[in-house]
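Let's walk through this structure together, strand by strand and helix by helix. Have the viewer ready and follow along.

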Amino acid sequence: MKLLEILETALRKEPSYIEENGELKKWVILDKARNFDERLVELLLDDEDLKRVFFKEIKGVLIFNLNVFTHFLEQKNFFNDSYTIYKNKVGLNFGGKFIKQRNEVSLVWPYKDCVLEGEQSHEEDKRDEIFFNEILAQDEITQLLEPKVLTNVKRITAAGEIPICDFNRDKNGFIKDNLILRGNNLLGLYSIKREFAGRVKLIYIDPPYNTGSDEFKYNDKFNHSSWLTFMKNRLQVAWELLHPTGAIFIQIDDREMAYLKILCDEIFGRDNFKECISVKNGSESGVNAINVLRGEQLFKVKEHILYYSKNANVHRFKPMYAKAMFFNESYRLEVKKKGDIYSVRDVYKDILQQLYNQETLRGLTKIQKDVFYATFEDYCLENNDFMYALKTDIQKSGNQFKTFAKSNKEKGIVEEYSTSDGRISLVYKGGMLTSLKERIVSHNGEKHYGTLVSDFWWDIGATPSSEGNVSFKAGKKPEYLLKRIIELITEEGDIVCDFYLGSGTTSAVAHKLKRQYIGIEQLEYGENDSVTRLKNVINGDRTGVSKTVNWNGGGEFVYLELKKHNQLFIEQIEEAKDTKKLLQIWESMKQKSFLNYNIDIKRQDEQIEDFKSLNLNEQKQLLCELLDKNQLYVNISSLEDKDLKCTDQEKKITREFYKLK
């Protein structure tokens, strides 16, 4: 029986919930739920399936999950199969009412309340996406998202690969190993949720942009509504993983950014939106100049990063400095101390006079000015320990400090003032000297003048092709981008997650910055794979941010895979080059796969000539449809199923990961 039918049967036990025409009073039930009505809670607790779905156990106490229950009812056309409601519509709708009837805005699209498999595959396969809700009932969806059996688990260190049977845990019993998980990222997220829910401080993802590009191995050709469903399924579980003070950063381009923003408002809450950061990742030149000259399209030199906190009331980022566009020439005073005496030199003035005589100063050319400013800036950056700016508009609280500074105004000497927190401020000519040293940022070993980070990151640039010693044609993000994000949100030891790991930039930078990390990736990229990159990091990779953070190697990570079952057959089908190979796969499927319960194998064989008459893509699609999509990977509930042949090692490591008895 479907969960909807179970729920309707339970609710009909209360006469006050039923209309005269026999229909259930949906809005009455929702109102009762929001007020935690005792009768409603009793009806739900009386059924084990309803209790499992709508209640959460915390330290032995069952808590009614109001959000799950109301979301379940609001997404249904009153208990009809939900995925048919908006099958042919795209519109703005909330709770079954038009926007003009409410104050809220909601993004609604076909298949919004479905679960999308969202496989990552080669573009040439052009495989139709699978919406699980069209195949599986709600209770089967729950089984689909059950944690999976783990296989091929190994610890990777500088000394090599070591098979393992346990994990390193902290004093509270939580895993503290770095993890790289191979498998479908939706199912991977649900597999790690039991261990990491509420513990991840930062999630950064660089998902498929829905561009239609053939350069990327991800299936980047979703139609619009499919892409939204694809993102929604994964962001919902991502929200559960986040620590209460954590944040998520999602990088995207112009095509889907506006829609993704509305989707994130729904999932994370509009009040938790922090910024839309613009990242400059291109230049105003190149082959696209012809499009600009034709007046067809401007140069694309930026992407966006949507930044959401889990709870804006408690989330805080760390103020930090980024490379400034221009050097601030107010840092012109060189202040040195010998014994108890400070000396002050106006470097700006001295360098100018050294370069040019008084007559030349009256009419400097642009080239001469550029030479001077470059010389002045280089000197200040090189000697930043001694360079200061004179701040006369003192904002420090307390009249005592201001009085001290004012009395010093005519002296023309530097004096020390001890603040209440024990720090020493330097006072000069009635003002306060502020140090350049505190504004210096380092990039590739070079020093730059910094300014407080804003929502426009112009200084990152494109990724060097050699970074990490792995190469991607597209989609590879610079290590300095991830360094900024990770340092903005986390401290050493915090958990960073990326479930579109790709070439492994997020995990590589997290490793170098001594953060714990979780990376999830389905595709394998051979020599350019994330595992290869992390091995390079452990062995002392010197690219990317290594020089800036003084990285010399070390550390380790644990590699895991979700144990495949029907997924193996799907991959074989996708790789098949002709009908002969597909027929061989069909013979194997009949013996070893889980087929849909309504498949008549004998009838399929009788119609084999019809199958041969189809083109190759149609044959592939048909074989995929015969497979039970609920059995792509092996659930932990099937750990002891002899037909699935889980090894003793797989059983042991799976039990250890999920802390099963």
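**Strands, a sheet and packed helices**

F249 stands opposite Y307 in strand β12. Before we go on, note that this is a predicted model, where local features need pLDDT of at least 70, side-chain atom pairs count only at pLDDT 80 or more, and totals for chains, interfaces and linings use all residues. Residues are numbered from 1 along each chain as its sequence is written, and side-chain values use heavy atoms, with hydrogens and water left out.

F249 lies in β10, and Y204 stands opposite F249 as well. Strand β9 (residues 200-205) runs parallel to β10, joined to it by five bridges. With β12 (residues 302-309), β10 pairs in the antiparallel sense over six bridges. Strands count as paired if DSSP finds at least two bridges between them; the strands themselves (E, at least two residues) and the helices (H or I, at least four) are DSSP runs, numbered from the N terminus. Is β10 mostly covered or mostly open? Mostly covered: eight of the eleven residues in β10 (residues 242-252) are buried, where buried means under 20% relative accessible area with a 1.4 Å probe, protein chains only.

Next, find the open sheet of six strands, in the order β15-β14-β16-β19-β18-β17, with antiparallel pairing. β15 (341-346) and β17 (414-418) stand at the edges with a single partner strand each, so one side of each has no neighbour in the sheet. From one strand to the next, the twist averages 45°.

Helix α11 (residues 347-355) touches β14, β15 and β16 (387-391), and its direction makes about 50° with that of β15; contact means heavy atoms within 4.5 Å. Helix α13 (residues 366-382) also touches β14, β15 and β16, at about 35° to the direction of β14. Angles run from 0 to 180 degrees between N-to-C directions, and axes are lines fitted to C-alpha atoms, for helices over the stretch in contact.

Finally, how do α19 and α23 pack? Helix α19 (residues 566-575) and helix α23 (residues 616-626) pack at an angle of about 175°, with their axes 10 Å apart. That makes the two helices, α19 and α23, roughly antiparallel, a term for angles over 145 degrees. I570, I573 and E574 in α19 meet K620, L623 and C624 in α23. The residues of this contact divide into four nonpolar, no polar and two charged.

Notes. Buried < 20%, exposed > 50% of the residue type's maximum accessible area, 1.4 Å probe, protein only. Parallel < 35°, antiparallel > 145°, perpendicular 65-115°, else oblique. Nonpolar A, V, L, I, M, F, W, Y, C, P; charged D, E, K, R; others polar.
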